[in-house]
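Reader: I've got a structure to go through, and I'd like to talk about its charged pairs and its chain contacts. Can you walk me through it?

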Amino acid sequence: MFNTIKSKVLLIVFLMLFTLSVILSAFTFFYLKNTKSLVIQGASFFIGQFVQNVNKDILEMENNARDLALLGELQYNSSGKREVFEYITTRIFENYSNSLGGGIWFKPEIMGRLYCVYAYRNKDKQIIIDKRFETFEYNYPNQNWYKEITSKLTKENNIAWSLPYFEYEGSNTFMVTAGSGIYDNNELVGITTVDWELDSIIKSIQNLRITPNSFALFADEKNDYVIVSTDPYMENIELTGKTLKHVPWYKENLRKITYIDYHNKKYLPYVKTLDNGMCLIVCVPKNELFYFIFMQVSALFASLIIISLIISTLLYMGLNRNIIKPINVLVDIANKISKGNLDLAIKIKKPEEFAHLASTFDKMTKEITAITKQREKIEAGLTLAKSIQSSSLPNVFPPYPDRYDFDIYASMEPAFNVGGDFYDFYLLNEDKIMFLVADVSGKGVPAALFMMTAKTIVKDITQYVDDMPYAFKSINDEICTNNKHNLFVTMIAGVMDLKNNKLALVNCGHNLPLIKRKNGDFEYIELESNMVLGAMPDMNFEVKEIDFNFGDEIFFYTDGITEAMDKNSNLYSEQRLKDVLNKNKNLSIENICKNIKADVNAYSCGIEQSDDITMLLFKYYGRENIYRNTASKENYKRFNMWLYDNMEKLNINTALRPNIELAFEEIYTNIFSYAYSSVQGEVEISIEKNNDDIILKFKDWGTPYNPLEKPDPDIGLAPDKRSVGGLGVYMVKQLSKDIEYNWDSANILTVKF
Amino acid sequence: MEIKLRKQDEDTLEVVASGKIDIDSAVEYGTKISDAVEDNEIKNVILDFAQITYISSMGLRVILELHQKMSNLGTMKIKNASEQILNIFKMTGFSKFLNIV
């Protein structure tokens, strides 16, 4: 799976991207941590800013109250008039513009009556002295704020705050009052107050949104008093003035808590204490607070994935374009080249490595083309050589269609284009035929050239030298003379004397031939071997003469047959050759040879032929008055010639001859058409003179069939109703003196004339 | 066997052959004549047997076929047949229908 460049590079890219992702993830993790604390701090800072602004107001209120108290104290000690107090009050509130109003309230027990100066800011921002509060109806010493502030004040910390309260009398607003004490020596003689309208702060708090769903609580913890809550879950409950118990999420130790769980959400509580002891608590939903971070991180990861995909795609495309495609082009071209197409222009310009490879490919195909052309030339030469060589061997069969007394079949199949084996046969005169098989040492062209020389020398000498031993001595000497490369020839040769039924055999270091006698089997014949031809000059050659009668056969071959190997390197062997010959012994000589060849090929099936395969089969039919040959239409002429020759020899009356010929033709035709209709077989014919009678005898080993049993045809029929079947035998019957059929393991038909 | 074909006139073909009409030559003899008859729209055939030495049953088969073919087209005559041949024709009953002159 990872064996291709493509997959390997993709693996590298994947690993690179993986590493990058890990690094980025680690970075993000730390970034996130930092960013979280930054965001928390940021929110805290924002709330802090808000609180600081409120604190500023508080400080101003306190200073306002203190300043007024100080001025009130000065005037009290110099027993200032009411006008002065009113003036001071007005001026103070003109200067401190954030307060709603305020005034100086003397203790009644000190002054002996209700004595206060109160000023407030009207809608036109003018400071108005309001005298309604000196009445008994209001009776300020009984008001909660008065009691509260008076009780809380100490000289050291000369400031106190009332609880927030709703002012019905004056401004109709929610407010809180800061107060300061006026002292005469150490005795509190009165207080000053500054009213701080809380509505605008409450409004700011209500609008305070750190995140869309954050909410705030403004409360006085010390006095357990809620000023305002923007908790959306408590929207319908009026909290103002209630205790903190009414706030479900509130805890005393809120400052130490990181998160609160409220309505299935996590909130971060920010607690800020104001200078006057009030506190502002802002609860921010955790998910909203970090929403932006998550968005940022998500965006980062998304872009990381997109970038990875883009990089992968680009890399893959680049890889495809620069490596895979050129490789495929080269593979395609290599395939075409292997199929023999060499006229290919390879067009790769980038990348340089492949361009280089492609040009190498180009060079290679050019070289292959050149070599191929050269090889084609050589092959053409070899084919021509093969054709010259095979045409130099007699290769038309039957070679002597006009000879009935013998027949030859031979074949040579070279292992390479040209071979070192050869066979030859030729008539030395009317009554002598020479035939031979030879094997030149070595193979291929040198052996073939040597073979041509040897063949020519053998033919030249044997045609003119009658004496066999001398002829072979001369042949050997001649071959030695021209043999510079120390090649040699083994040869088996025979000269058949057709008149005297003698066969002279010469063996020059060759494989022993097989002889089959009439009605016998093929057997190896023992022959003394002479020296191989061409090895050493001036040698004597022995010739063995044997009787060779009609019906005898002799088989010559080369070791290409017996040394053919099967796939386990077992030799074909001489035994197998003999067995196959005998299995086919009743066939025509051509079919015997073809079956041997087929058997050798089947034996060495799938293995390249390693040596030339050559064989020659000579069959002798003789010129006796008895003749036997394959019953076939082709052989009719031979039988006819034999009949003619023998009628001549027997000096048969010429008037009778056409009748004998007719009888022969009709019966011969019957035999090969009916007795051997499905298999090939032989027919034996003899002719003899017995006193005045001529006896023609036919013998065949085909289907038993008595032609005489067939009824004579009706010769009186009209021509359109006639058939010629049976007419032949009828004519023979009419033309002969006597005709007789016998069965003796063969059909025997005897015709007497 | 040597076979010579000669047109005597528009419709008549003369066949002069020499040798044996046997298993070797009979088919060739018959085919040559048959083809010539068809190609030239021959109506009459004259077979000159002067040089014919021998005829076997294969030869007779061809003669019978030719005879049947020519009966439909016109005529077929055999002339100059030897004693030997005439004997064969007689023996086989061919002389009864062949036009031998």
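This is a predicted model: local features need pLDDT of at least 70, side-chain atom pairs count only at pLDDT 80 or more; totals for chains, interfaces and linings use all residues.

Reader: Lys597(A) and Glu413(A) form a salt bridge; how many residues apart are they?

Author: Their closest N and O atoms are 2.7 Å apart. Lys597(A) is in helix α13 and Glu413(A) in strand β13, so the pair links distant parts of the chain.

Reader: What about Lys737(A), buried or exposed?

Author: Lys737(A) forms a salt bridge with Asp693(A), at 2.7 Å between the closest N and O atoms. Lys737(A) is in the loop between α16 and β26, while Asp693(A) is in strand β25, 44 residues apart. The cut-off for exposed is over 50%, and at 54% Lys737(A) counts as exposed.

Reader: Which backbone nitrogens does the side chain of Asp612(A) reach?

Author: Asp612(A) is in the loop between α13 and β22 of chain A, and at 3% relative accessible area it is buried. One backbone nitrogen is reached at 2.6 Å, that of Gly420(A). The other, at 2.9 Å, belongs to Asp421(A).

Reader: Which side chain is joined to that of Glu523(A) by a polar contact?

Author: Glu523(A) lies in strand β19 and is partly exposed at 40%. Leaving out residues up to four places away in sequence, it touches Pro513(A), Leu514(A), Ile515(A) and Lys578(A). The polar contact, at 3.3 Å, joins Glu523(A) to Lys578(A).

Reader: Over to chain B: in what order do its elements run?

Author: Chain B has three helices and five strands. From the N terminus on, they run β-β-α-β-α-β-α-β.

Reader: Why are Lys32(B) and Glu28(B) separated by about one helical turn?

Author: Their side chains meet in a salt bridge, 3.8 Å from N to O. Both residues are partly exposed, Lys32(B) at 36% and Glu28(B) at 37%. The separation is about one turn because they are four residues apart in helix α1.

Reader: How much area do chain B and chain A bury between them?

Author: The contact takes 23 residues from chain B and 25 from chain A. In chain B, Ile23(B), Tyr54(B) and Met91(B) lose the most area, together 30% of what that side buries. Carbon and sulfur atoms account for 61% of the buried area, which comes to about 2,000 Å².

Reader: And which residues form the salt bridge between the chains?

Author: The count between chain B and chain A is one salt bridge, alongside nine residue pairs in polar contact. In that salt bridge the closest N and O atoms are 2.1 Å apart, and the partners are Glu661(A) and Lys20(B).

Technical notes. Residues are numbered from 1 along each chain as its sequence is written. Chains are lettered from A and ligands numbered from 1 in the order in which they are written. Side-chain values use heavy atoms; hydrogens and water are left out. Helices (H or I, at least four residues) and strands (E, at least two) are DSSP runs, numbered from the N terminus. Contact means heavy atoms within 4.5 Å. Buried area is the accessible area (1.4 Å probe) that two parts lose on being put together, summed over both. A salt bridge is a side-chain nitrogen of Lys or Arg within 4 Å of a carboxyl oxygen of Asp or Glu. A polar contact is a pair of N or O atoms within 3.5 Å; within protein, one must be able to donate a hydrogen and the other to accept it, and residues adjacent in sequence count only if both atoms are side-chain atoms. Buried means under 20% relative accessible area, exposed over 50%, partly exposed in between (1.4 Å probe, protein chains only).
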